[in-house]
Amino acid sequence: MLSLNRICCYIIILGLIFMIPSTYLVSFLDELVSFSLIGITLLDCIFNNSWKRYGLLWSIAAIITVYAVYSCSLSYNTLRYIMLDWVIELKPFIPFCVLFAIGPTFTAKEKRIIRGICWINIFIIAICFAGGNKMVELVMYHPAFPSMYALVCGMFYYYCSIDPTTNAVPTNKQWTALAMMAVGIFGLKAKFFATFILAIYLIRFYKPGLFKQFSLRHFIILLFLAGAVIASTWNKFNYYFLQGDTGTFDPRTIESFARPVLYMTGGLIFIDHFPFGSGLASFASFASAENYSRIYYEYGISNVHGLSPNHPVFICDAFYPSLAQFGIIGVILFIYFWIYIYKFLRVYVRTDPYYYRPQFITGSLIIIFILVESTTATTFTQMGGMITMCLLGMCCAGGRSLMQSSNQKSEIKKI
């Protein structure tokens with residue numbers, strides 16, 4: 001009989017196998033993964049009475065449900081599409097919450113399989129880049145996807161290379177993980193360079209206690225790191241948040257014009273719909289494009305290329321603008337979620353910063369990856385984001401176990 005641990009690990013393996021085909025051939029894979037994990041959760045709760053350990057999932061589902069009820073009162077979209085957005089907004093949290101609750105671990109055989117899958121995926125990505133833009137578009141639609149998948153494969157390879165006896169990643173496998181990520185350079189995406197630079201720092205240069213024992217060398221490294229990240233992302237940051245459109249019309253980058261409009265309009269929505277936002281299926285989400293939300297008419301952006309009712313292809317083009325649906329309260333809750341889960345990664349550093357370094361680095365890198373990707377993509381709600389949220393759930397579950405063990409030891413000492 002299969003255990004919950006093995007089922008979860010098999011789902012992750014299948015997700016990695018079909019990650020690249022999910023762009024075109026099996027676009028429903030992310031929903032299938034979510035429904036599978038929900039099915040596992042319900043079976044565990046019904047037969048093992050494990051409702052309490054999925055408390056985080058129930059809490060997030062309850063919050064999004066309250067927003068769904070609130071959305072009905074605003075009537076920016078129909079009930080059907082509000083419920084569709086309810087599913088989409090909950091979807092990325094399901095992998096993390098379920099894996100965090102169950103806390104599975106990969107066997108040695110599963111780690112070898114995952115490393116093999118990562119090699120195959122990287123080979124496919126490299127072939128696509130070698131074939132030029134037409135090959136990339138044919139297989140993965142947009143250069144951003146292979147670059148993002150290269151980062152995902154590198155993170156999984158690094159995590160699955162942890163030596164079980166020393167809990168360390170051998171130097172050669174650290175470089176292999178970075179080499180896998182480096183294949184994404186050919187996508188020429190600023191967000192990729194930002195994440196990749198931080199990955200190099202975390203995997204090769206990060207030392208626990210950096211700020212406690214600060215030195216001139218540490219300061220120079222951090223200064224160089226900050227300069228490299230700013231240099232690689234400045235043009236896009238300047239365009240989206242500072243300068244905006246310069247009046248030039250370039251058909252090759254016209255999709256980029258829709259994003260500044262979404263960000264600026266999102267800011268207005270935060271003010272006009274304080275503090276709970278415009279509601280589900282109303283703005284910058286897939287559901288608001290499928291059944292065109294009247295908020296685009298209200299804010300006068302229905303004629304913008306890519307945001308019009310006849311051509312809404314760039315409405316769901318970045319995750320952060322969609323937070324306007326949840327208002328200031330939603331943004332606070334979103335930030336709190338990341339702070340809450342990061343504390344389980346911090347346990348590794350506080351327990352034994354050198355021994356648990358790989359787990360801390362993996363979890364931290366995934367958070368950086370998701371937050372950076374969300375500036376100009378909806379990776380958080382797609383297969384690449386969901387599969388990394390599974391891995392983040394496993395990392396945080398390990399931190400929670402250490403926390404519980406530490407608390408138990410403290411109680412014993414008191415007795």
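Which residues have the most contacts inside the largest nonpolar core? Keep that in mind as you open the model, which is a predicted one.

**Stop 1: the core.** Select Phe96, Trp338 and Leu392: these have the most contacts inside the largest nonpolar core, a set of 125 residues.

**Stop 2: two asparagines.** Before you click on, here's a bit of background: most residues other than glycine have a negative phi. Go to asparagine 49, in the loop between α2 (29–48) and α3 (55–74). Its phi is positive, about 50°, although asparagine 49 is not a glycine. Next, jump to asparagine 167, in the loop between α8 (144–159) and α9 (171–182). Here phi is positive too, near 55°.

Is each one buried or exposed? Asparagine 49 has a relative accessible area of 62%, so it is exposed. Asparagine 167 has 9% relative accessibility, so it counts as buried.

**Stop 3: a cis bond.** Most peptide bonds are trans. For one that is cis, select phenylalanine 274 and proline 275: the peptide bond from the former to the latter has omega near 0°. You'll find proline 275 in the loop between α12 (255–272) and α13 (286–290).

Conventions: Residues are numbered from 1 along each chain as its sequence is written. This is a predicted model: local features need pLDDT of at least 70, side-chain atom pairs count only at pLDDT 80 or more; totals for chains, interfaces and linings use all residues. Side-chain values use heavy atoms; hydrogens and water are left out. Helices (H or I, at least four residues) and strands (E, at least two) are DSSP runs, numbered from the N terminus. Buried means under 20% relative accessible area, exposed over 50%, partly exposed in between (1.4 Å probe, protein chains only). A nonpolar core is a set of buried Ala, Val, Leu, Ile, Met, Phe, Trp, Tyr and Cys residues joined through side-chain atoms within 4.5 Å.
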